[in-house]
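Try each task before you read its solution.

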Amino acid sequence: MPTLLDNVKALLTGMKVTISNFRKEPVTITYPWAYDDIPKNSRGMLRMVDFHDDKSISHKSDWYHGTRWAPCTTGCPAHTDARGYVTLAGEGNWRAGLDTLRRTYPFVATLGRVCPAPCEKSCSRGFTGPEPISIRKLKRTFSDWEDTLPEAERFSYQEYCCSQPLNGKSVGIIGGGPAGYQCAMLLRSWGFECHIYEMKDVPGGFLTLGIPLYRLPRHIVNSEMERIHALDGIKLHVNIEIGSDLTFEELESRHSEVIIAAGAWKPYRLELPNEEKPWVWYGEDFLEEQITGRLTEVPSKVVVVGGGNTGFDCARTCRRLGAEVIMIYRRTVAEMPSEPEEIEDGEEEGIEIRWLTSPDAVVIEDGKLKGMQVIKNRLGDKDRSGRRKPVPIKGSEYLLDCGMIITALGREVDLPWIPKDVTRNRNGTVKVDASGKTTREKVWGCGDVCQVSTIINAIGQADRCCIGIATKYNCLPEKLPFLYNYDHVTPYADGSDPGKVAPIQVRTQGLGMVPHPPVQHFEDTKPWNRERKEKPFRKMNLQVPMPKIPGPVRIQTFDEHDMGFSLEMAQREGMRCYGCAAEVCVGCGVCVDACPDSCIQLESPNNEKGYDFPETYSIDLARCCYCGLCTEACPTDSLVFTSNFEMAIQEKQDSYLTKPRMNLGLVHKEKSELGEARSGLQLRVIPS
């Protein structure tokens, strides 16, 4: 109960606010039907940007040109047109989807297996569906389909990358990993001669030496690399270590530009006594030794420290070598960085995970490893990463018997040959600007050497770096092979900047003008007395599961455990796509779920092809409170607030917006304008 002092404070606070407002100039609020600009105090009027029809519902890829970005596209560091190829999979258009992916990067089959899929974390299906679309697995399906084709019908990098003649400029790329190969593919297609310098005897970086065979068969990644470094104008140099076999200055003298894409290979240490081989192995070293065949046996009991994907790779590899494996992680499963599917697969294979447990000491007796002493934790306050910090519990130490300890705590950059005038960040990574350029002339950086992260992030940084080099030499093509964010400018279907060939199409959400007020007592042509039908697309809620080898069987072999989608399964999964940000209503019914006042009504029939579309769509304005939750929840950005005020009419019980009355038709208008501007060019997601 508030005290007398609390009441006095509240009274004084109220008097202060009253006096402050009394001193301000009076504000006159008018209420016209329309404003040229949206007033700050206007809640607007709900309108639909555009509706689909019963024909376009089965060809969602036709909607995409001239529209905004989908969350899966913006969520991908490499700006892959995920919405495009997922939709094309749903339509069974495998050729167009394959061309989309192969023009974006060379590692389609590889990323379809090992990409952490940040696009899926942004997928609207994950927020409304209840499971996101299996975007990564659909990517693999396109490469699996390509493998069934004759060689002459597969995507030709020779035609794609070598159609442009060499421009006399050469680029030296340090590092033959995913970032290096991405740079080589793009720059060669833009006319640059490329030389890849790889320190090891095989290229690929962590793709070939850091990912187990059961996740990524080597013939898959080797084939994709071969398609690039076998091209005219690209030369691969292996067993070349910068600083010893070739100095950085010599490399600079050979080439017009130099790209540092050497990766981060130095593992983080436990910082405990007795942390050396043969008792403690670092995860990256362990995987490389096992993959290359130099390590074929492990002790009967192994402890793995770390909760990332590398930790699970080590643990699952040890299980296939016959060991009992215990993983320790200092936090809970909610904070674990590994993918949920990785955790589930590991537990199916018999890996024991002990949460809230940290390493405390490496115990050695009589010159042999006895085990690892660990300590239990509790979660404290959040640290800089936003996760709760583990706090050791005194007296909770105990011993885990084992014959080998593997740590997988992350990696850092260790490149002593980088020139001193190349500025580093505090964590040792190379500092680059927005275009990927370092502080040294002619030197660029991308991949883990700039930011230790994922494969797809390294490819995205390589894109940025190549754009910077091509811009410097004024040879950047108008059509980019990937979608790139042009600061809220609506891109064309092929990813090119509309500003290069036509006025930039910028659409601010909710600026459509509509006549006011609506006709009163109009006839309801489609009354709501019919039986409510299932919402469109709601029959496809859950992901289509990919077949995989059962856990007890797959630990007996290093064969690939995921068996891939059939084309029918992939098409069913692709049909789950909403077509986000297409600004065309797909009748998903998410707005119906979001509305707190149940004022949105939707009915949909079925057709013989299995596609559903809304036949009747209405918003009851008598019940609408203009909270805007429906516009925020709409995955396609088709339901918007216009610049008009909410309706001020007396008989609100008679006012509701039906499908024809809500349609602003902005998308159809822009499509026709774009078609005229491009003078006959076929507007598709993928140029045919």
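This is a predicted model: local features need pLDDT of at least 70, side-chain atom pairs count only at pLDDT 80 or more; totals for chains, interfaces and linings use all residues.

**Exercise 1.** Find how many residues of helix α3 are buried, and which elements cover them.

*Solution.* Start with the span: α3 runs over residues 82-90. Next, apply the cut-off, where buried means under 20% relative accessible area. By that test 9 of its 9 residues are buried, among them R83, Y85 and L88. Then look for the cover, which includes α2 (71-75), α4 (94-104), α8 (135-147) and α19 (567-574). Finally, step just past the helix, where G92 has a positive phi of about 75°.

**Exercise 2.** Describe the lining of the second largest pocket, and name the element that gives the most to it.

*Solution.* The volume of this pocket is about 570 Å³. Its lining has 20 residues, with E120, K137, P340, E341 and Q543 nearest the centre. Two or more lining residues come from each of α6 (118-122), α8 and α16 (340-348). The most come from α16, which gives 4. Sorted by class, the lining has 10 charged, 8 nonpolar and 2 polar residues.

**Exercise 3.** Work out what lines the largest cavity.

*Solution.* The largest has a volume of about 250 Å³. Around it lie 20 lining residues, and R113, R136, R215, E342 and D562 are nearest its centre. At least two lining residues each come from α5 (108-114), α8, α15 (309-320) and α16. To finish, sort the lining by class: 12 charged, 5 nonpolar and 3 polar.

Key:
Residues are numbered from 1 along each chain as its sequence is written. Side-chain values use heavy atoms; hydrogens and water are left out. Buried means under 20% relative accessible area, exposed over 50%, partly exposed in between (1.4 Å probe, protein chains only). Contact means heavy atoms within 4.5 Å. On a 1 Å grid over the protein atoms alone, a cavity is a set of points where a 1.4 Å probe fits but cannot get out, and a pocket is an open set with protein on both sides within 12 Å along at least five of seven lines; lining residues have an atom within 4 Å of a point. Grid points are joined across faces, edges and corners, and a volume is the space filled by probe spheres set on the points. Ala, Val, Leu, Ile, Met, Phe, Trp, Tyr, Cys and Pro count as nonpolar, Asp, Glu, Lys and Arg as charged, and the others, Gly among them, as polar.
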